[in-house]
Amino acid sequence: VNPAQFAPHEDLDRYPRQEARDLALLKQAGANLVWMSSVATMYPAGCSTRIAPGTAAEGLETDHRPHFFGGVTTVVAKLLNQVTPDVALFGEKDFQQLCVVRQMVADLDMPVAILGHPTVREADGLALSSRNAYLHDGQRQIAPALFEIISDVARQAPNAISLGSLRADAAMQLISRGFGRVDYIEVRDAETLGPYDPARPGRVLAAAWLGRTRLIDNVAVGG
């Protein structure tokens, strides 16, 4: 758990840590070697250099967590330098993060291929996330509505007269289903995260609060 991507008011101390379970799953998947760096190893005394993220980090998560991607790019750059992999996989659930890392690797000429792994979901559509452990039973029943509603946005976006109206309606649906604040529902270019052009691949990205738990998800436009 990378402290550099948490603000002082966020959930660093209580963020779920399941190292034994993670190791068991890695063994089951056939992993031969695991690099589990400590915070002291990653950020030794006197370590002060940070990687500034590029344009892919502008907006969306940054509007609500301005510190986040600076912590991500720094720790990912350090990990890639420590391990020197040929390929690194990042889950598409954190789609903006995937775009930010791809941009960093390209801009800094890092010799590694960054691949996205499709979001893994529960049977009812809820994207797997460590923070799902925060949901109580009632909230867990509501949570799949996020995937359901943004999937509707993704189907309608290519022919929508007004993306703004489509997004606003989706936010109202989330609130009516039991969500609290909706941080964003946006339709963006799937490669640059710039404005959506129906002639190019697009992505619907969303973040919303269910009780004290912030859930994020995304789907491909037209999917």
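**Ground rules**

I am working on a predicted model, in which local features need pLDDT of at least 70 and side-chain atom pairs count only at pLDDT 80 or more, while totals for chains, interfaces and linings use all residues. I number residues from 1 along each chain as its sequence is written, and my side-chain values use heavy atoms, with hydrogens and water left out.

**Entry: the chain as a whole**

I counted eight helices and five strands in the chain. Helices (H or I, at least four residues) and strands (E, at least two) are DSSP runs, numbered from the N terminus. Read from that end, the order is α-α-α-α-β-α-β-α-α-α-β-β-β.

Next I checked the overall dimensions. A compact globule of 223 residues would have a radius of gyration near 17 Å, and the chain agrees with its 18 Å. That radius is taken over C-alpha atoms, and the globule rule is 2.2 Å times the number of residues to the power 0.38. Along the principal axes, the C-alpha atoms fill a box of roughly 50 × 40 × 35 Å.

I found that 41% of the 223 residues count as buried. The chain exposes about 12300 Å², and carbon and sulfur atoms supply 54% of that. These areas come from the Shrake-Rupley method with a 1.4 Å probe; for residues, only the protein chains shown count as cover.

Among contacts with a separation of 6 or more, 64% are between residues 24 or more positions apart. I call it a contact when heavy atoms lie within 4.5 Å.

**Entry: charges and salt bridges**

How many salt bridges does a search of the whole structure find? The search gave me 15. My criterion is a side-chain nitrogen of Lys or Arg within 4 Å of a carboxyl oxygen of Asp or Glu.

I began with Glu61 and Arg214, whose closest N and O atoms are 2.8 Å apart. Glu61 lies in helix 3 (residues 61-64) and Arg214 in strand 5 (residues 213-220), so this pair ties together parts that are 153 residues apart in sequence. Both Glu61 and Arg214 are buried. They also belong to a network of salt bridges that links Glu61, Arg181, Asp183 and Arg214.

Then I went to Arg177 and Glu148, with closest N and O atoms 3.0 Å apart. Arg177 sits in the loop between helix 8 (163-176) and strand 3 (182-189), and Glu148 is in helix 7 (residues 145-156), 29 residues apart. Arg177 is partly exposed at 38%, and Glu148 is partly exposed at 39%.

Back to Arg200, which meets Asp189 in a salt bridge of 2.5 Å, N to O. Arg200 lies in the loop between strand 3 and strand 4 (202-210) and Asp189 in strand 3, so the pair joins parts eleven residues apart in sequence. Asp189 counts as buried, at 3% relative accessibility.

**Entry: positive phi**

I keep in mind that most residues other than glycine have a negative phi. Which residues did I note on the other side? Leu60 has a phi near 55°; Leu60 is in the loop between helix 2 and helix 3 and is buried, at 2%. Thr84 has a phi near 50°; Thr84 is in the loop between helix 4 (68-83) and strand 1 (87-91) and counts as exposed, at 59%.

**Entry: two more spots**

Leu115 lies in strand 2 (residues 113-117) and is partly exposed, with a relative accessible area of 41%. Leaving aside neighbours within four places in sequence, I found Leu115 in contact with Val87, Ala88, Leu89, Phe90, Leu98 and Arg102. The C-alpha atoms of Leu115 and Arg102 are separated by 8.5 Å.

Last, I looked at Gly30, in the loop between helix 1 (19-28) and helix 2 (39-42). Gly30 is partly exposed, at 44%.

How values were computed: Buried means under 20% relative accessible area, exposed over 50%, partly exposed in between (1.4 Å probe, protein chains only).
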